[in-house]
Amino acid sequence: MTVVRPAAALTALVAVVVAVAWLLAQPLLSPSAAAVRAVADVAAVAVLGLAAVHLLDGHRFRDELMDRASTPLVAAAALWLVAELVRLLLGAAEASDVGIGRLSAHTAWEFVTLTAAGRSGVLSLLAATAIAATAMLMRPSQAVRLAAAGAAATGLTARAVTGHLAEGTLSATAVVVHALAAAVWCGVLAALALTVRSRGQWARVLPRYSRLSLVCVAVLVLGGTASAVLRLSEPAALFTTGYGRILLAKLLATAVLVALAARYRSSWVAAAAAHRVTAAQSRRRSVVELTVMVVALTLAAALTVTG
């Protein structure tokens with residue numbers, strides 16, 4: 001029950017946000033493509049956070065966090081793997097203009113070997129597979145988890161940059177920087193919610209996460225602004241195009257998220273550091289922030305598949 005309820009809530013939230021994005025961009029947005037991309041993105045972000053979360057705690061406590069992260073890391077990597085596989089099949093079917101049920105193995109192979117989208121998808125698929133395998137078969141260690149974090153960042157970068165290289169190196173760089181900053185900000189908080197169980201541990205890790213999040217937000221805003229300026233032909237496109245309307249919704253979600261984070265920084269972080277907040281209260285506050293993060297990540301996923 002404890003696993004089914006969060007999974008059901010996450011699925012419902014992604015479905016609602018995808019529906020809103022479709023209304024904003026129709027007929028230029030495929031709901032199925034956006035939903036699969038959103039699931040893949042959320043899973044990949046969680047993988048990155050779970051692989052790196054132990055770095056926020058002191059050296060003597062890191063083994064405990066790595067052990068607790070093992071099971072959710074396998075689950076998140078497996079979900080990422082499945083979502084990437086489905087995404088590849090949908091992409092191949094769309095590229096060949098056939099239904100997914102009529103997609104041949106030869107056509108799928110040509111898509112994954114001859115197209116940039118296919119090759120980047122394979123790289124993400126391999127990253128998810130490697131992370132899931134090592135998390136299941138190898139004893140948790142800092143070296144293994146850092147390698148997993150690197151693989152997750154590589155997989156995220158490969159998907160984020162697809163299509164933007166054609167627009168120029170500057171555009172591709174802005175997108176990558178923006179995507180990685182968002183992934184660290186969101187993924188590490190998700191990992192904290194899944195692995196931190198005591199008041200004392202929250203007191204140690206939350207202030208460190210708060211300092212990390214400041215850097216992530218600054219980089220995210222700079223990268224996102226540069227990407228939007230390079231992508232949109234004029235400010236009016238925010239209202240006259242489907243891409244612009246989804247981008248505007250994402251900007252609003254991000255603004256809410258930054259405001260919420262600022263409020264928590266002035267209240268929750270200080271209280272947690274002083275041991276005045278229980279572990280359950282900290283987890284609830286992290287879930288509230290994560291809910292808004294999922295909205296922003298889903299809108300970002302919808303942007304990537306909007307024509």
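Which residues do ring pairs link into a cluster? In this predicted model, for which local features need pLDDT of at least 70, side-chain atom pairs count only at pLDDT 80 or more, and totals for chains, interfaces and linings use all residues, ring pairs join Trp202, Tyr264 and Trp268 into a cluster. Residues are numbered from 1 along each chain as its sequence is written, and side-chain values use heavy atoms, with hydrogens and water left out.

Rings of Phe, Tyr and Trp (the six-membered ring of Trp) were taken to pair if their centres lie within 6.5 Å, with planes under 30 degrees apart counted as stacked, over 60 as edge-to-face and the rest as tilted; by this rule the count comes to 2 aromatic pairs. The rings of Trp202 and Trp268 have centres 5.9 Å apart and planes at 50°, so this pair is classed as tilted. The pair connects distant parts of the chain, since Trp202 belongs to helix H8 (residues 199-231) and Trp268 to helix H11 (residues 268-273), 66 residues apart; helices (H or I, at least four residues) are DSSP runs numbered from the N terminus. Trp202 is buried, with a relative accessible area of 0%, and Trp268 counts as buried at 2% relative accessibility, where buried means under 20% relative accessible area, exposed over 50%, and partly exposed in between (1.4 Å probe, protein chains only). Tyr264 and Trp268 form an edge-to-face aromatic pair, at 5.2 Å centre to centre and with 80° between the planes, and Tyr264 is likewise buried.

A contact of another kind involves Arg204, whose charged end sits over the ring of Phe61 at 3.7 Å from the ring centre; the criterion is that NZ of Lys or CZ of Arg lies within 6 Å of the ring centre and within 35 degrees of the ring normal.

The C-alpha atoms of Val20 and Leu299 are separated by 9.0 Å, although the two residues are 279 apart along the chain.

The UniProt record, an unreviewed entry, places the feature "domain: Copper resistance protein D" at residues 203-303; such positions are given in the numbering used here, feature names are shortened, and annotations may be inferred rather than shown by experiment. In the model, the span of residues 203-303 is 88% helix and 0% strand, and its end C-alpha atoms lie 37 Å apart.

Notes. Helices (H or I, at least four residues) and strands (E, at least two) are DSSP runs, numbered from the N terminus.
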